[in-house]
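User: I'm new to this structure and would like to learn how to read it. Can we go through it feature by feature?

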Amino acid sequence: MKHPDSYIKKQLVHIRNRGMRNPHRGYPGAYILTHTPTGTFYVGSTADLGKRWTEHQYQLESKTHINPRIAACFTKLDDYVFNYYQTETIEEARLLETEWLRHYAKDPLCSNLSLIHISEPTRQEAI
């Protein structure tokens, strides 16, 4: 099975200068947060790529990340890569996320806890 990062065209890296404006703020898209040492990944979509990456960084650093599999891997932010595909609308981002989840729901490295954006027949097929 091909890792979802192979579909991604762009990458947001850890921004060390907290005062620097994130150029991806305000743009919708689907993303994959990957813990590079283990290959564990999380698929998501958002109306604001820059804001979502900042939220993931904060939650990981403060040990408040809602996903226990991603949080358990945490040692430092440099171990995480936020790959994304920018879309025109949030609806397109959700469709892309659904496609990725449908494809990777059975992958043991996929750490998504629920399949909320996937239709019931697809959810049952993945379980």
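User: Which residues touch the most other members in the largest nonpolar core?

Analyst: Start with the general idea: in soluble globular proteins, nonpolar side chains tend to be buried together. Keep in mind that what you see here is a predicted model. Its largest nonpolar core has 13 residues, and those touching the most other members are Tyr31, Leu33, Leu60, Ile70, Tyr80 and Phe82. At least two residues of this core come from each of strand 2 (29–35), helix 1 and strand 4 (80–86). Another core, of 9 residues, lies apart from it, and Ala30, Phe41, Leu96 and Tyr104 are among its members.

User: What order do the elements of the chain run in, from the N terminus on?

Analyst: They go β-β-β-α-α-β-α-α, which comes to 4 helices and 4 strands. As for the chain as a whole, 46% of its 127 residues are buried. Look at contacts between residues at least 6 apart in sequence, too: 65% of them join residues at least 24 apart.

User: How far apart are the end C-alpha atoms of helix 1?

Analyst: They are 18 Å apart, which agrees with the 18 Å that its 13 residues (49–61) should span at 1.5 Å a residue. Now check what sits around the ends. At the start of helix 1, a side-chain oxygen of Asp48 comes to within 3.3 Å of the backbone nitrogen of Gly50. Just after helix 1, Lys63 has a positive phi of about 60 degrees.

User: Is His56 buried or exposed?

Analyst: His56 counts as buried because its relative accessibility is 0%. Its place is in helix 1, and its side chain makes a polar contact (3.0 Å) with the side chain of Tyr31. Setting aside residues up to four places away in sequence, His56 touches Tyr31, Leu33, Tyr42, His65 and Phe82.

User: And what is Tyr31 in contact with, leaving aside neighbours within four places in sequence?

Analyst: Tyr31's partners include Tyr42, Val43, Gly44, Leu49, Arg52, His56, Phe82, Tyr84 and Trp100.

Note on methods: Residues are numbered from 1 along each chain as its sequence is written. This is a predicted model: local features need pLDDT of at least 70, side-chain atom pairs count only at pLDDT 80 or more; totals for chains, interfaces and linings use all residues. Side-chain values use heavy atoms; hydrogens and water are left out. The expected span of a helix is 1.5 Å times one less than its number of residues. A polar contact is a pair of N or O atoms within 3.5 Å; within protein, one must be able to donate a hydrogen and the other to accept it, and residues adjacent in sequence count only if both atoms are side-chain atoms. A nonpolar core is a set of buried Ala, Val, Leu, Ile, Met, Phe, Trp, Tyr and Cys residues joined through side-chain atoms within 4.5 Å. Buried means under 20% relative accessible area, exposed over 50%, partly exposed in between (1.4 Å probe, protein chains only). Contact means heavy atoms within 4.5 Å.
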